[in-house]
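Notebook open, viewer running. I'll jot down what I look up as I go.

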Amino acid sequence: MDNLEQKFNETIKMGLEIVKETQEDRLMTLSVGPQHPGSGHFRFTIKVDGDYIVFCDPDPGYVHRGEEKMSEYRNFIQNIPHLERPIIHDSTNITYSYSLAVEELANIQVPLRGQYIRALASELNRQVYTLYWLAIYGIFLGHSTMFMWPMGDRELFIDLLEALTGARVTHAFNIPGGVRNDIPEGFKDRCLRQVAYFEKRLVEYEDIFYNNPLFRQRTEGVGILTKEDAVKLGVTGSVLRASGIPFDVRKAEPYDIYSEIDFKVQYMKTGDSYARSMVPFLDMKESCQIIRELLDKMPKSGEVRTKLQPNPKGPPGESYKRVESGRGALGYYIVSDGTPKPYRVKISVGSFRNMLALPFLLIGSKLADMPSIYWSLNYWPVEADR
Amino acid sequence: MSSDQPAGQNGSEQKKAESNHIQTSISKKDEAIIPEFEGDLINKIVSRFGDKIVQVIYIRPGRSKILVPPNEILQVASFVRDTLGFDHAESVSGTDYPKDNQIEVIYHLGSYSVDKLASQVLALSTRTDRNDSRLPTLINIFKSAEYHERETFEMLGVYFEGHPRNERFLLPEDWADIPPLRKEFRIKGR
């Protein structure tokens, strides 16, 4: 009997100890990535209290290659092939602003036809990137069709870019002074045909994915980023435009011939995951129009590049140029000391800037919403690490 | 000019000379015409703080650069945000100048809330001693500078006073070398 009572008391004691657990005991730490297939080469630590995320700490750097340091060892032309490695799916845009910055430093003019071809390649490449992103977004919300379709349709634009530049993914097409080569014969008709087909496909995307009740349930009202917070965090690209700020570098500060192109900046006001996934889709639609307009207005003949000296260089100085890439503003800050090699290159990429929104949005939301928030940020780990 | 020596970095006179040099070098047109809007913008800063504190490095269409001493950067940044309307930092980068024993940190500021400033980027720069590089953090004024400053800390060794995490970010956790974007760090084999 005594023995039993003692055991009973002990049980109460144990029970009391369980009740006395601290806040820290309740939290579970989860490490998302870098081996998790859904995170890319990126890791972030989260702490969950039940279903809710209460802590998030991004840990990038798994694919850091020191692009900025490498640039200091090579001349302005040699830098092009390695500078596109951070984002091979959008390689035309990441070399675009580099070329613009070097052109300003060395005072190089680009012929008009070269500017049109540049913009055309840039639009085609943005489609390639956005489709790749959409495919991944689809599969991580459990929608396998939305993985297969964009991956397949992406080949349309890859084929076009292959005909244009000679390479499927890493084009090294933009160079200071213009583009590497002229457009091939019959390219215009082929491009128009494929863009027309792609526009029909976009309607089907909308039906199967964006109007899908399951998709809408998982994204609408999830991870809301208000206009004020978006400005404060300095996010860019589709994340910014989804929060109701119609800022697009192509419109805000037109480069090359974008000032002559008539297009609308696509934006939404809700600021949730749905808006963040819808804005790139609207951009793709608008891009089709831009491609058509570019092909229409392009001068029929003319130079596509300015002949450069073997080692182009400018007087000492610095320049900061930005373009609108698939993930928002992409800026290059280049300091030159008058030699053919840059003294300092800083790449300010959209992914790195949007990363600040990740802990901001994840803290307070449910663990199940993590994939739809993470991928809606249009984050590309390799680009952020540089 | 040797490859390691950028244009005159010693003393304010040479800096002014550099600024003129940069202006003339980019385009002949800029030499005579300072764009009106950008000129007004910079004038507002200079008239508020005086030209002893704010040094104008260059004014070009859409791009202007000013240099301020580290102890004044907080005031200038607050003024630039609250009065002029630059609301976020697009990029924060550091440049190492071993010949002057200085590191320059540049904040590229942009604006989303003021339409007129959409095409403008204001480069707010400051210089610190290379051997004891400390600067006040700007994250209380520009939250968007948080990760950029952390990157600048690990890449150039600039300690941002008041920044909650002057820690590793992109480099490996076991990195045991000098900050890699300093000029004395050489890529192996080169």
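Where in chain A is His41(A) placed? I find it in the loop between β1 and β2. Before going further I note that this is a predicted model.

**His41(A)**

I looked up the exposure of His41(A) and got 44% relative accessibility, so the residue counts as partly exposed, the class between 20% and 50%. Then I listed its contacts, skipping residues up to four places away in sequence: His41(A) touches Tyr62(A), Val63(A), Pro381(A), Val382(A) and Asp385(A).

For the pairing of β2 (residues 43-49) with β3(A), I read off 7 bridges in the antiparallel sense. As a spot check I picked Thr45(A), whose bridge partner in β3(A) is Asp57(A).

**Chain A as a whole**

I zoomed out for the totals. Chain A has 17 helices and 8 strands. Its C-alpha atoms fill a box of roughly 105 × 50 × 35 Å along the principal axes. Of its 386 residues, 62% count as buried. The accessible surface comes to about 15,000 Å², and 54% of that belongs to carbon and sulfur atoms. Among contacts in chain A with a separation of 6 or more, 71% are made by residues 24 or more positions apart.

**α5 against α6**

How do helices α5 and α6 of chain A cross, and within what distance do their axes come? The axes of α5 (residues 91-106) and α6 (residues 112-140) come within 8 Å and cross at roughly 145°. On the α5(A) side I see Ser91(A), Thr92(A), Asn93(A), Tyr96(A), Ser99(A), Leu100(A) and Glu103(A). They meet Arg118(A), Ala119(A), Ala121(A), Ser122(A), Asn125(A) and Arg126(A) in α6(A). I sorted the residues of this contact by type and got 4 nonpolar, 6 polar and 3 charged.

Two of the residues listed there also turn up as a salt bridge: Arg118(A) pairs with Glu103(A), the closest N and O atoms being 2.4 Å apart. Arg118(A) lies in α6 and Glu103(A) in α5 of chain A, so the pair ties together parts that are 15 residues apart in sequence. Both Arg118(A) and Glu103(A) are buried.

**Other salt bridges**

The count over all chains comes to 43 salt bridges. I looked at Glu68(A), which forms one with Arg386(A), where the closest N and O atoms are 2.9 Å apart. Glu68(A) is in helix α3 (residues 67-71) and Arg386(A) in the segment after α17 (381-385) of chain A, so this pair ties together parts 318 residues apart in sequence. Glu68(A) is buried, and Arg386(A) is too.

Then I went to Arg241(A) and Asp248(A), a salt bridge with the closest N and O atoms 3.8 Å apart. Arg241(A) is buried at 2% relative accessibility, and Asp248(A) is buried as well, at 1%. Arg126(A) was already on my list for the contact of α5(A) with α6(A).

**Glu72(A)**

Which residues is Glu72(A) in contact with, leaving aside its neighbours within four places in sequence? I got Lys341(A), Pro342(A), Tyr343(A) and Arg344(A), plus Leu181(B) and Lys183(B) from chain B. Glu72(A) is placed in the loop between α3 and α4 (79-83) of chain A. Its relative accessibility is 11%, which is under the 20% cut-off, so Glu72(A) counts as buried.

**Pro213(A)**

Last stop: is Pro213(A) buried or exposed? Pro213(A) is exposed, with a relative accessible area of 56%. The residue is found in helix α9 (residues 213-219) of chain A. I also took the C-alpha separation of Pro213(A) and Ile257(A), 44 residues apart along the chain, and got 41 Å.

Methods. Residues are numbered from 1 along each chain as its sequence is written. Chains are lettered from A and ligands numbered from 1 in the order in which they are written. This is a predicted model: local features need pLDDT of at least 70, side-chain atom pairs count only at pLDDT 80 or more; totals for chains, interfaces and linings use all residues. Side-chain values use heavy atoms; hydrogens and water are left out. Two strands pair if DSSP finds at least two bridges between them. Helices (H or I, at least four residues) and strands (E, at least two) are DSSP runs, numbered from the N terminus. Axes are lines fitted to C-alpha atoms, for helices over the stretch in contact, and angles run from 0 to 180 degrees between N-to-C directions. Contact means heavy atoms within 4.5 Å. Ala, Val, Leu, Ile, Met, Phe, Trp, Tyr, Cys and Pro count as nonpolar, Asp, Glu, Lys and Arg as charged, and the others, Gly among them, as polar. Buried means under 20% relative accessible area, exposed over 50%, partly exposed in between (1.4 Å probe, protein chains only). Accessible areas come from the Shrake-Rupley method with a 1.4 Å probe; for residues, only the protein chains shown count as cover. A salt bridge is a side-chain nitrogen of Lys or Arg within 4 Å of a carboxyl oxygen of Asp or Glu.
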